[in-house]
Each structure stands twice: as structure tokens, then as C-alpha cells.
Amino acid sequence: MQLKSKDLLGMQQLDKEEIELILNTAQGMKQALLIGHKKTTHLQGKSVVTLFYENSTRTRLSFEMAAKYMGAATGNIAVSGSSINKGETLLDTAVTIDHMATDFIIMRHPSSGAPFYIADRVNASVINAGDGMDEHPTQCLLDLFTMKEQLGTLSGLKVAIIGDIAHSRVARSNIWALNKFNSEVRVAGPASMMPVEFEKTGAIVCNDVKEACEGCDVVMGLRLQLERMHSALFPSVNEYARFYGINDEVMACAQPHAIVMHPGPYNHGMEMTSNLRYSDQSFIDEQVTNGVACRMAVLYLLNVRRNSMAADQ
Ligand code: CP
């Protein structure tokens with residue numbers, strides 16, 4: 001079995017079997033990493049460029065490490081220090097990268113849909129590393145991997161996603177994916193951060209955090225994306241933490257085995273208490289580790305797809 005597209009643009013575009021293929025491949029990648037096997041030849045002779053119009057630590061670095069562990073040549077473009085700052089357009093930038101025989105362009109952009117626009121116009125495989133408020137598919141894949149690793153399944157789960165739902169591409173990608181596995185996603189957050197008619201996504205919109213977490217297997221906090229808020233959407237940090245922060249009282253509503261997740265970066269004391277962040281229930285550091293394995297799997301499988309497309313020509 002192979003991935004169907006040359007690009008990875010969103011969880012909406014992947015079917016359940018493709019998601020399972022990526023997660024199973026990531027399992028093998030993680031095993032190899034755990035025994036210190038960090039030099040493979042899967043991407044030897046291939047090139048990977050990260051093109052980031054927004055800041056990133058985890059996604060950009062884990063893609064770069066994943067590519068290097070598999071033997072690819074790597075390059076990085078950010079807004080600062082590149083010709084984007086001289087006014088070069090997104091399309092011209094992507095086409096320029098493409099003409100350097102680049103095999104993979106990993107892009108993050110503040111506009112929803114930007115990677116879809118580029119994917120049709122370049123030969124390289126485009127991987128969406130986060131587009132506006134739309135999707136963050138590789139974050140979702142590492143989230144799914146972590147859930148499956150800790151809970152043994154992705155089917156029939158109850159997953160609560162708490163916080164800034166409106167701005168969250170992580171929430172959207174997880175909802176699209178978990179729907180495919182017949183798992184229930186409940187969301188809760190301030191009304192000012194809850195899009196109208198959000199239940200149309202398939203998620204259950206709850207009035208408060210405890211209601212959302214009742215009987216849940218997973219409680220996922222979301223970062224307050226202060227950089228995307230153009231006006232104050234909550235009265236104060238203290239008030240946000242009091243009404244929407246995840247704490248021991250909230251976790252008492254969830255299943256005893258429930259795990260705590262967060263995509264990072266984490267605003268200390270806002271989205272959840274520091275005690276919980278660093279507790280045995282928290283798998284936030286494991287999510288980071290799993291991110292490298294999942295991104296290795298995505299690069300590996302898209303490369304298989306590229307090779308088979310080249311062989312068919
Ligand atoms: N979770 C996530 O996308 O983190 P970065 O912004 O650090 O890449």
C-alpha cells in the first residue's frame with residue numbers, strides 16, 4: 001500500500017488506511033531511533049527544504065532532524081534573512097526552491113490554503129507544516145501516534161480539546177482524523193474563541209471544561225495563540241486559567257487512565273497547571289519524541305510515492 005498523493009496537505013485528504021500506514025511506519029522509525037539507529041539511507045540523494053513564514057521550534061527542527069537521519073540534503077528558508085523580505089511572492093519563492101531540484105518543500109504559512117496553492121504548481125512534494133487556522137497534519141499524526149501508543153487504540157476514544165478552538169489548526173486536524181476512527185471529540189473554550197456552528201465539524205461543543213472532560217481518555221490543551229488575536233478575547237490571564245485552565249479538578253472528571261496532551265509551545269500556568277504539565281499523566285514530551293518518528297514516516301512514504309510516480313512515467 002502507498003500514499004495516494006505526492007503531497008501531504010491535510011488530514012481531510014487522507015483516508016483511514018493511509019493514516020494507519022503512516023502510524024505503522026512511524027512505529028518502525030521510533031524503534032530504530034530508540035536503539036540509536038539515526039543514520040539510514042532512505043532519502044539518500046534527496047533534498048528537503050523547510051519554508052517557514054511563521055515561527056517554529058518543534059515542527060521545523062523535527063523535520064530537519066528526520067530528513068538528516070534518513071540521509072537527505074537539507075536547507076531552510078525563513079522570512080527573516082531571505083528574499084521574502086525584499087518582497088518576493090510565495091509562488092516565486094516556492095518555484096525558485098523547486099528549480100533547485102528540491103524533492104520536498106515543507107511549508108508553514110499564516111494563510112489557510114497556501115500549501116494547496118503551491119502543491120499544484122511545483123514538482124516537489126509539499127508537506128503542510130501548518131496553514132493559518134486550517135490544518136497541521138503532522139502535528140495531528142504525532143498526536144494520534146501518542147494516543148495509540150498510550151491507549152492501545154484510536155477507535156471509540158473520547159477526546160476533549162480545550163481552549164482557543166477558533167485559531168487552532170491542531171484542533172481541526174484532530175477532529176477530521178478522529179472522526180475517521182469513530183472517536184468522539186468534545187471541545188470547550190471561551191465563547192469568543194468558539195467558531196459559530198463548530199458542531200458541523202463533527203465535534204461536540206460543550207459549555208464548560210468539566211463537561212467536555214467527563215469520562216474522557218484524552219485531555220488536550222491548546223496554546224492561546226495571542227499572535228492571531230487582534231482584540232482581547234478574554235478578560236485576563238487569571239480569569240482564563242480559572243475558567244478554562246486544565247487542573248486536577250478537571251482531570252478528576254476524566255477517566256483515571258486519561259492522558260494529558262498539548263501541541264506546544266506551552267504558556268506556563270495558562271492552559272494547564274504546571275503540576276499537571278509535569279505529572280505522570282502528561283505525555284507532552286513524548287509527543288515531541290514521536291514527532292520525529294512521524295515526520296520520518298511521512299518523508300519516507302512520500303518518497304516511495306515519488307519513486308513509483310517516476311517509474312510510471
Ligand atoms: N506544535 C507546533 O507546531 O510547535 P512549533 O510551533 O514549535 O513547531
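Helices (H or I, at least four residues) and strands (E, at least two) are DSSP runs, numbered from the N terminus. The structure described here is a predicted model, in which local features need pLDDT of at least 70 and side-chain atom pairs count only at pLDDT 80 or more, while totals for chains, interfaces and linings use all residues. Residues are numbered from 1 along each chain as its sequence is written, and side-chain values use heavy atoms, with hydrogens and water left out.

A loop residue comes first. Asparagine 182 sits in the loop between α6 and β6 (184–188). Its phi is near 60°, a positive value in a residue other than glycine. Asparagine 182 counts as exposed because its relative accessibility is 65%; buried means under 20% relative accessible area, exposed over 50%, and partly exposed in between, with a 1.4 Å probe and protein chains only. Glutamate 197 also has a positive phi, near 55°, and is not a glycine. This glutamate lies in the loop between β6 and β7 (204–205), and with a relative accessible area of 48% glutamate 197 is partly exposed. Most residues other than glycine have a negative phi, and most peptide bonds are trans. The peptide bond from glycine 264 to proline 265 is cis, with omega near -5°. Proline 265 has its place in the loop between β9 (259–261) and α10 (274–277).

Helix α5 (residues 137–151) packs against helix α6 (residues 169–180) at an angle of about 55°, and their axes are 9 Å apart. Axes are lines fitted to C-alpha atoms, for helices over the stretch in contact, and angles run from 0 to 180 degrees between N-to-C directions. The two helices, α5 and α6, are therefore oblique to each other; angles under 35 degrees count as roughly parallel, over 145 as roughly antiparallel, 65 to 115 as roughly perpendicular and the rest as oblique. The crossing of α5 past α6 is right-handed, where a crossing is left-handed if the near helix is turned anticlockwise from the far one by less than a right angle, and right-handed if clockwise. On the α5 side the contact is made by Pro137, Gln139, Cys140, Asp143, Leu144 and Met147, and on the α6 side by Val170, Ser173, Asn174, Ala177 and Leu178. Contact means heavy atoms within 4.5 Å. Of the residues in the contact of α5 with α6, 7 are nonpolar, 3 polar and 1 charged. In this division Ala, Val, Leu, Ile, Met, Phe, Trp, Tyr, Cys and Pro count as nonpolar, Asp, Glu, Lys and Arg as charged, and the others, Gly among them, as polar.

Helix α5 also packs against α11, at an angle of about 115° and with the axes 8 Å apart. The crossing of α5 and α11 is right-handed. Among the residues that meet are Gln139 and Asp143 in α5, and Gly291 and Arg295 in α11. The contact of α5 with α11 divides into 5 nonpolar, 7 polar and 4 charged residues.

Helix α11 (residues 284–312) has another partner in helix α2 (residues 58–69), with an angle of about 55° and axes 8 Å apart. That makes α2 oblique to α11, and their crossing is right-handed. From α2, Arg58, Thr59, Ser62, Phe63, Ala66, Ala67 and Tyr69 meet Val288, Gly291, Val292, Arg295, Met296 and Leu299 of α11. These residues of the α2 and α11 contact divide into 8 nonpolar, 3 polar and 2 charged.

Tyrosine 69 belongs to helix α2 and is buried, with a relative accessible area of 17%. Leaving aside neighbours within four places in sequence, tyrosine 69 is in contact with Leu33, Lys38, Lys39, Thr40, Val292 and Met296. Tyrosine 69 and lysine 39 are 30 residues apart in sequence, yet 4.9 Å apart in space, C-alpha to C-alpha.

The last stop is the loop between β2 (73–78) and α3 (90–98), where serine 82 is found. Serine 82 counts as buried at 15% relative accessibility. A polar atom of the serine 82 side chain lies 2.8 Å from the backbone oxygen of alanine 78. Valine 79 lies in the loop between β2 and α3 and is partly exposed, with a relative accessible area of 25%. Valine 79 and tyrosine 53 are 26 residues apart in sequence and 5.6 Å apart in space, C-alpha to C-alpha.

Notes
Polar contact = N/O pair within 3.5 Å; in protein donor to acceptor, adjacent residues only side chain to side chain.
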